[in-house]
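Please open the structure in your viewer and keep the sequence at hand.

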Amino acid sequence: AEIGDRVELIVDGAAIDSVALGDLSMKSVEPGVPARFELLADTAGAYPVVLVNENRRIGTLEVR
């Protein structure tokens with residue numbers, strides 16, 4: 001994403017878990033109910049997308 005972009009990130013999951021978007025936000029996810037993040041990309045950086053219970057990184061949001 002570029003600074004100033006509105007970003008919508010949707011994460012589907014096969015099990016009940018929490019999804020962390022760096023230190024910005026954390027949302028719940030469960031089968032059929034995705035985690036939805038909506039934010040304004042106002043700070044450059046790389047923000048890991050992590051399934052908290054599994055302690056597994058599933059992606060990265062990069063803001064330039």
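The tour begins with the whole chain and then turns to particular residues.

**Before the first stop**

This is a predicted model, in which local features need pLDDT of at least 70 and side-chain atom pairs count only at pLDDT 80 or more, while totals for chains, interfaces and linings use all residues. Residues are numbered from 1 along each chain as its sequence is written, and side-chain values use heavy atoms, with hydrogens and water left out.

**Stop 1: the whole chain**

Display the protein as a cartoon. How many helices and how many strands are there? The protein has zero helices and six strands; here helices (H or I, at least four residues) and strands (E, at least two) are DSSP runs, numbered from the N terminus. Read from the N terminus, the order of elements is β-β-β-β-β-β. The radius of gyration is 12 Å, close to the 11 Å that the globule rule gives for 64 residues, so the protein is as compact as a globular protein of that length. This radius is taken over C-alpha atoms, and the globule rule is 2.2 Å times the number of residues to the power 0.38.

Now show the C-alpha trace alone. Along its principal axes, the trace spans about 35 × 20 × 15 Å. Of the contacts with a separation of 6 or more, 48% are between residues 24 or more positions apart; a contact means heavy atoms within 4.5 Å.

**Stop 2**

Of the 64 residues, 28% count as buried. Buried means under 20% relative accessible area, exposed over 50%, and partly exposed in between (1.4 Å probe, protein chains only).

Select Val11, Val19, Leu21, Ala35, Phe37, Leu39 and Leu61. Within the largest nonpolar core, which has 14 residues, these touch the most other members. A nonpolar core is a set of buried Ala, Val, Leu, Ile, Met, Phe, Trp, Tyr and Cys residues joined through side-chain atoms within 4.5 Å. Two or more residues of this core come from each of strand 1 (6-11), strand 2 (17-21), strand 4 (35-40), strand 5 (45-51) and strand 6 (56-63). In soluble globular proteins, nonpolar side chains tend to be buried together.

Next, centre the view on Leu39. Apart from its neighbours within four places in sequence, Leu39 is in contact with Asp5, Arg6, Val7, Leu21, Leu24 and Leu61.

**Stop 3**

Select Asp17, which lies in strand 2. A salt bridge is a side-chain nitrogen of Lys or Arg within 4 Å of a carboxyl oxygen of Asp or Glu.

**Stop 2: the salt bridges**

The count of salt bridges comes to three. Side chains of opposite charge can pair when their charged atoms come close.

- Select Arg36 and Glu8: their closest N and O atoms are 3.7 Å apart. This pair links distant parts of the chain, with Arg36 in strand 4 and Glu8 in strand 1, 28 residues apart.
- Select Glu54 and Arg56: these side chains meet at 2.9 Å, N to O. Glu54 is partly exposed at 44% relative accessibility, and Arg56 is partly exposed at 42%.
- Select Arg64 and Glu62: the closest N and O atoms are 3.5 Å apart. Arg64 is exposed, with a relative accessible area of 62%, whereas Glu62 is partly exposed at 42%.

**Stop 3: residues in the loops**

Select Asn55, in the loop between strand 5 and strand 6. Asn55 is exposed, at 66% relative accessibility. Its phi is near 50 degrees, a positive value in a residue other than glycine. Most residues other than glycine have a negative phi.

Finally, select Asp12, in the loop between strand 1 and strand 2. Asp12 is exposed, with a relative accessible area of 64%. Leaving aside neighbours within four places in sequence, Asp12 is in contact with Val29 and Pro34.
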